[in-house]
Amino acid sequence: MDVDELLSLIKCSSCSKPASSTDGLYHCPDAHETCGKCVKDDDDRCQKCEKPLERCPLAERLFSRLPVQCRFYDFGCSNLLKGKEAEEEHSKTCKARYVNSLLWNSH
Ligand SMILES: [Zn+2]
Ligand SMILES: [Zn+2]
Ligand SMILES: [Zn+2]
């Protein structure tokens, strides 16, 4: 099983992005995966079927073994780093970081 396959398993059914270890992954009894970003603080019900969501322990274990996606993925970096510290290190020199700062400055 390769990384893309693994990431597709922890894909959020709401925003269809893979959940990240910082946000965590939740699921409902009907197996709708939802990432932590899409779970509202005051309402932890599934947005599809309104059943209560709970944290997915298997995903938590996966996160600890998965390569970490560069935080600038949305800006065109598809690097996968070996763990949080490697990602931290990479983000300092990431080329997509430049695009990111350009976008922010134009706001
Ligand atoms: Zn989501
Ligand atoms: Zn559901
Ligand atoms: Zn990067």
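**Note on the predicted model**

1. Buried residues make up 21% of the 107 residues in the chain; a residue is buried if 20 or more other C-beta atoms, placed from the backbone, lie within 10 Å of its own. This is a predicted model, in which local features need pLDDT of at least 70 and side-chain atom pairs count only at pLDDT 80 or more, while totals for chains, interfaces and linings use all residues. Residues are numbered from 1 along each chain as its sequence is written, and chains are lettered from A and ligands numbered from 1 in the order in which they are written.

2. The chain is divided into domain 1 (1-66) and domain 2 (68-107), with bounds from an automatic or database domain assignment. The centres of the two domains, taken over C-alpha atoms, are separated by 22 Å.

3. Four helices and five strands are found in the chain, in the order α-β-β-β-α-β-β-α-α from the N terminus. These are DSSP runs (helices: H or I, at least four residues; strands: E, at least two).

4. An open antiparallel sheet has three strands in the order β2-β1-β3. β2 (33-35) and β3 (54-55) stand at the edges with a single partner strand each, so one side of each has no neighbour in the sheet. Strand β1 (residues 25-27) pairs with β2 over three bridges; pairing requires at least two DSSP bridges. Y26 stands opposite T34 in β2.

5. The largest nonpolar core has 12 residues, among them I10, A19, L25, Y26 and A59. Such a core is a set of buried Ala, Val, Leu, Ile, Met, Phe, Trp, Tyr and Cys residues joined through C-beta atoms within 7 Å.
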